[in-house]
Each structure stands twice: as structure tokens, then as C-alpha cells.
Amino acid sequence: GAKKPIVISTWDFGVAANQAAWKILQTGGSALDAVEAGVQVAESDLSNPTVGKGGYPDRDGHVTLDACIMDAEGNCGSVAALEHIAHPISVARKVMEDTPHVMLVGEGALQFALEKGFEKEDLLIPSSKEAWQEWLKERQYKPIMNIENKSFNTERLPGNQYNHDTIGMLALDASGNLSGACTTSGMAFKMRGRVGDSPIIGAGLYVDNEIGAATSTGVGEEVIRTVGSFLVVELMRQGYSPEAACKEAVERIVKKKPEIAKEIQVGFLALNKKGEYGSYALQSGFSFAVCHNEQQDILEKGKHIF
Ligand code: SD4
């Protein structure tokens, strides 16, 4: 059913993140403020090795973060391959609000963040460093696909070593405005310089305040290839429900790259202007969190193709 205000986000850690967003939404705050505050919770959580501080490093040992944010007016900001800053989502928001640009990367993004007063930190915590050192023993960097194959073979995965969870969050506020945020440390032990879908407007996140919003998680390469989140929003424009739109977008991945699609995870999450939501993933195991007036800690399972 349709709800307003409402906030939804990817994976189990979305439950706690939604609650931070809800504090803002329930007092009439903006969807933009809500999604920023919400995903910051996941960025700060050191127990998750896939977002913000505590994230797994790239194969050379550098934690590099990707994030983007988009508001109801179509403003957007993004950072990619940002190092040493614990809240990339807030740097992305500053790019949106304080520069004429949409996206800053690497050194330039760091320089900008420092100019804006963000603190420079070491983001590689001991447990993530250990996981990386463990990975280095085999030292066999194979293309992303093989890392992803391992991620499905959970028996081989004590400690979710290769788990790949990004937080994408979408909110509709009491005024009926939509915004979204997406933030990640990207694929564990990725090549240095690799950027996924998460900081790319249209791929990892898209918001059109007339229609709805979408975000994605999983293997970013396939989401970029299909411009996934933009596709989901455009399908909703054509009358698809949020769930049907997400399903069509994952089917597009299957159609384009059937062999790859069987072996990887991609999940989409969508929210429309009425406050209806839905999701669809390639594989089982995708979960998303929902929070609205009636209940603030809902965790749902994503439907899936395979
Ligand atoms: C990426 N989409 O860097 C991100 C990773 C991810 O769930 O979502 N993991 O490709």
C-alpha cells in the first residue's frame, strides 16, 4: 500500500539506517536530510566491511569509497575513489550544493573534502586489514567475476569475506518530495581505481520527483552496463509498479549477459511518488528495510530470478 512519509534501504543494515532517517522524516524534515543521515549510520558502522570506515580495501590496501546523492529538484552530487574520509555521502552532498559539478574523484575529491572541513582519517581498521592480508596470500587477483563467484559459495566464506553490500536509500517526505543516497566501499579487493555503479547517477541511484526513485546493489559493472536505476525509474514512468520495474531491470541484465547473470548478485529497490515500493534481485538473499508510520523496523526479502 501507499505510505508517506516512507524510507526504504538495501540489506539488513538498512533497518538501523532507516531509523536515523525516520527521526527526520517523522518531524516533517526533508527526504534529502533523511537519506544523508540514514546512510551515515551504515558508513559509521565498523562491523560492516562494505560501506564507509571499516570497508575492505582495494587489492593494494587502500580503502576507496564511492557515494552519490540526488534530490527532488534533480540536483545531484557524487564522489568516487575517495580515500580517508569517513562520510563520503556528506562530501557528495557538498559537491552537489557547493560546486557547479556533479562528480569529483580521487585526489581532487579528497582535497575538496579537506577544504570543506572533513577530517582526514585512516579508514583501514584491523579486521579489514587482516581480511585483506588473508586475501593477499593467494594473491590471485582474478577479474571481478571470480571474486563474485566466491561470494555465492558461502561455505568458503568465513566472515562474509567477499560480501558486497552497498547501502542505497530512498525516501519520500511528508511534503511528497523524493530523494536518494547510495554509498559503498565497492567490491572487496577490487583493482586500484575501479569504480562501480554506486556513485554513478543513473546507475547506482536515480531520482525523478515526478515519478519515483531507484537504487541498486551488487556487481556494479552489470548495473552500469544497463544504466539500471535510470531504467527502473523510466519503467515506472511507463506505468510499471516499483517491483515490476525492478524485475524488468534485472531481466535486462540476464538478457544482456546471461552467463554472467547466473553467477552474480544484483538487486534493485524502487519507490514511487505515491509511496509504493518494490524490489527484485538476480539471486536469493537480497533483503531490504522499510520504515513508515505504522512500523519502523520492517525487513523484507527481495524476490529473485534464479
Ligand atoms: C559496486 N555496487 O561497487 C557496488 C558494490 C555493492 O552490494 O553493491 N555491493 O559495484
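Predicted model: local features only at pLDDT ≥ 70, side-chain atom pairs only at ≥ 80, totals over all residues.
Which strands does helix α2 (residues 31–44) lie across, and at about what angle does it run to β6?

View 1. Helix α2 lies across β1, β2 (65–70), β5 and β6 (178–184). Its direction makes about 20° with that of β6.

**View 2. The open eight-stranded sheet.** The strand order is β4-β3-β2-β6-β5-β1-β11-β12, and the pairing is mixed. β4 (103–105) and β12 (298–301) form the edges, each pairing on one side only. From one strand to the next, the twist averages 10°.

**View 3. The β11–β12 pair and helix α1.** Four bridges join strand β11 (residues 287–292) to β12 in the antiparallel sense. Among the residues involved, F288 has E300 in β12 as its bridge partner. Helix α1 (residues 14–25) packs on the sheet, where it touches β1 (6–10), β5, β11 and β12. The direction of α1 makes about 155° with that of β1.

View 4. An unreviewed UniProt entry lists T166 under "active site". The residue is found in the loop between α6 (144–152) and β5 (167–172). T166 counts as buried because 29 C-beta neighbours lie inside 10 Å. Leaving aside residues up to four places away in sequence, T166 touches T10, T50, V51, C182, T184, S198 and T217.

**View 5. The whole chain, for context.** The protein chain contains ten helices and twelve strands. Its radius of gyration is 18 Å, close to the 19 Å that the globule rule gives for 306 residues, so the chain is as compact as a globular protein of that length. Of the 306 residues, 56% count as buried.

Methods: Residues numbered from 1 in each chain as written. Helix = DSSP H or I, 4+ residues; strand = E, 2+ residues; numbered from the N terminus. Rg over C-alpha atoms; globule rule 2.2 N^0.38 Å. Buried ≥ 20, exposed ≤ 12 C-beta atoms within 10 Å, placed from the backbone. UniProt positions renumbered as here; feature names shortened; annotations may be inferred. Contact = placed C-beta atoms within 7 Å. Pairing = 2+ DSSP bridges. Axes fitted to C-alpha atoms, helices over the stretch in contact; angles between N-to-C directions.
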